[in-house]
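Here are my notes for you to read with the model open beside them. Take the points one at a time and find each residue as you go.

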Amino acid sequence: RARAHTHTHTQQQQQQQQQQQHAYLSAMVKLLKDVQKQLTPDVAIKVTTGLMVAGGGAMLAVPKRMWNLFAHGRPPWEKVEKSADPDVPLEPDRHHKQLLRWVGFMALSMAGVVTKLTLGDDMEKNRKPMCEVLAGVCAAGVAMDGVVMSQENPGQNENATIVDAAMGGTLAAMNFIASRDVDDE
């Protein structure tokens, strides 16, 4: 009889746990749907292109400062006195400066194309597909960061790679969510 009571008690606990898990998951789904309603394609595109313009503009205008981020993992405004990696020069040479300028130019160009294809009421039909494209581009950047992190001697500072992966992952998720239709059920 004690075994039967223990078995019944265990079943009740399992049912209670399942009910709690179901309530938690239902609450999370509701929260995600609420976030999705607020996170429109327009918002996702503006955030993404805003970051493209900020980063791209900085690479184009002040490549030496952006070297601090990519090569040394330090904020661009911080003065780097000594390189932590003896293989990484303290200052970028003219080739690295020009490479950073090209990357900045490409980021600004991409932001311009995205804006041109999505700005205005007549371009609303392009916004969800553009969010899908941006989600894919950002996810590909995160995959590239994964490759960099897996290398024994990567060509980019680990701190910069972590920041880039976190930002890229956030933008990929944000654009993916914004590209989905809101289910009002």
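**Notes on the helices, core and charged pairs**

1. Let's begin at the start of H4, where a side-chain oxygen of Asp93 comes to within 3.1 Å of the backbone nitrogen of His95. This is a polar contact (a pair of N or O atoms within 3.5 Å; within protein, one must be able to donate a hydrogen and the other to accept it, and residues adjacent in sequence count only if both atoms are side-chain atoms). Helices here are DSSP runs of H or I with at least four residues, and strands are runs of E with at least two, numbered from the N terminus.

2. A word on what you are looking at: this is a predicted model, in which local features need pLDDT of at least 70 and side-chain atom pairs count only at pLDDT 80 or more, while totals for chains, interfaces and linings use all residues. Residues are numbered from 1 along each chain as its sequence is written, and side-chain values use heavy atoms, with hydrogens and water left out.

3. Now follow H4 along. Its 25 residues reach 36 Å from the first C-alpha to the last, close to the 36 Å expected at 1.5 Å a residue; the expected span is 1.5 Å times one less than the number of residues. After H4 comes Gly120, with a positive phi near 100 degrees.

4. Which residues of H4 are buried? They are Leu100, Gly104, Ala107, Ala111, Val114 and Thr118. Buried means under 20% relative accessible area, exposed over 50%, and partly exposed in between (1.4 Å probe, protein chains only). H2, helix H3 (63-72) and H5 are among what covers these H4 residues.

5. H4 also carries the 1 aromatic pair of the structure. The ring centres of Trp102 and Phe105 are 5.7 Å apart and their planes are at 85 degrees, so the pair is edge-to-face. Rings of Phe, Tyr and Trp (its six-membered ring) pair if their centres lie within 6.5 Å; planes under 30 degrees apart are stacked, over 60 edge-to-face, and the rest tilted. The two residues are 3 places apart, about one turn of the helix. Trp102 is partly exposed at 48% relative accessibility, and Phe105 is partly exposed at 42%.

6. Turn next to the largest nonpolar core, which has 14 residues. A nonpolar core is a set of buried Ala, Val, Leu, Ile, Met, Phe, Trp, Tyr and Cys residues joined through side-chain atoms within 4.5 Å. Ile45 and Leu134 touch the most other members. Helices H2 (41-61), H4 (94-118), H5 (127-150) and H6 (158-179) each give two or more residues to this core. Another core, of 6 residues, lies apart from it and includes Met59 and Trp67.

7. What does Leu134 touch, leaving aside its neighbours within four places in sequence? Leu134 is in contact (heavy atoms within 4.5 Å) with Ile45, Thr48, Met52, Met110, Val114 and Asn175. Leu134 is one of the buried residues of H5, which also include Met130, Cys138 and Asp145.

8. Finally, look for the 5 salt bridges, each a side-chain nitrogen of Lys or Arg within 4 Å of a carboxyl oxygen of Asp or Glu. One of them joins Lys128 and Asp181, with the closest N and O atoms 2.4 Å apart. Lys128 lies in helix H5 and Asp181 in the segment after H6, so the pair ties together parts 53 residues apart in sequence. Lys128 is partly exposed at 28%, whereas Asp181 is exposed at 60%.
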